[in-house]
Amino acid sequence: MLIDYHTHHVRCGHASGELEAYVKRGIEIGLTQLGLSDHMPLLHVDPQTYWPEMAMPMDELPRYVEECLHLKEKYKDQIDIRIGLEGDYIEGYEAEIEAIIKAYPWDYVIGSVHFLGEWDISDFRQLAGWEGKDIFEVYTQYYDAVQKAVRTGLYDYIGHIDVIKRFGYKPDRDPWELEKAALDTVKEHGLAIELNASGLRMLCEEMFPSRRMLEYCHKVGIPLTIGSDAHQPERLSQYLDQARDLLKLIGFNEIATFSARNRHLVTF
Ligand SMILES: [Zn+2]
Ligand SMILES: [Zn+2]
């Protein structure tokens, strides 16, 4: 069974392709399930004055969901579309995030930490944010936010859990204690995580998360789903063959899928 649960589209401002282009591509490459999971609109910064092209405007959100529902019905005989949201975790905005999550019929909500305060640590235009900072301290803040995201109970799984490594900034100390603590919190709260293959085309040159973290997930029983984080239709499912091979090599026999906020494990 081929699935891809992490995709974006033109509404967010930094991706290309309409939703339907991803659906058609998904059918072309034989996906069984396609998860549409665009970025949540910005809540904690003013979209007018913040960096442009970060996420869809708030008034697009209902149209996004409507279009997903329409496509789900239109293509139901060819592909199983799951409707998702990559929901940022922003400390102090839990009520606003919850309101968005409750307002729509999501199949799943990804909990992703991109922001530490107003700094988007995953935005290549904001690399100046690292200047003068202790890298281990940034990692500590990042993983602290991941744990807080898990504890909100708002999310089905954590997206790209070690994305802090994205641009290749490496702390002088091994961050394993931070990574392990985050995974232990995921396990304790019954969440899953994703294997996000997009890291292979970034400066860190490895998937999110690392093999070490995946092996720990297998050991303690944290379910994995997979996603390409495609921002162009032609990148849909890019590297997911490698992702599946890696999971099988580590010993996973099942991956997680989501429907109406319920998790189902399937063989792959
Ligand atoms: Zn994006
Ligand atoms: Zn993300």
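The protein chain carries 28 positive and 45 negative side chains, with the centres of the two sets 5 Å apart. Lys and Arg count as positive, Asp and Glu as negative; His and the chain ends are left out. Each charge is placed at NZ of Lys, CZ of Arg, CG of Asp or CD of Glu. The model is predicted: local features need pLDDT of at least 70, side-chain atom pairs count only at pLDDT 80 or more, and totals for chains, interfaces and linings use all residues. Side-chain values use heavy atoms, without hydrogens and water, residues are numbered from 1 along each chain as its sequence is written, and chains are lettered from A and ligands numbered from 1 in the order in which they are written.

The chain holds 7 helices and 11 strands (DSSP runs, H or I of at least four residues and E of at least two, numbered from the N terminus). Of its 268 residues, 55% are buried (buried, under 20% relative accessible area; exposed, over 50%; partly exposed, in between; 1.4 Å probe, protein chains only).

The zinc ion (ligand 1) is coordinated by NE2 of His 14, His 39 and His 231, at 2.0 to 2.1 Å. Donors are N, O and S atoms within 2.8 Å of the metal (3.2 Å for Na, K and Ca); water is not among the atoms, so sites may look incomplete. The donor spacing in sequence is H-x24-H-x191-H. His 14 lies in the loop between strand E1 (3–4) and helix H1 (19–28), and His 231 in the loop between strand E9 (224–227) and helix H7 (240–250), 217 residues apart. His 14 is partly exposed, at 35% relative accessible area. His 231 is buried, at 15%. The zinc ion (ligand 2) is 5.8 Å from the zinc ion (ligand 1).
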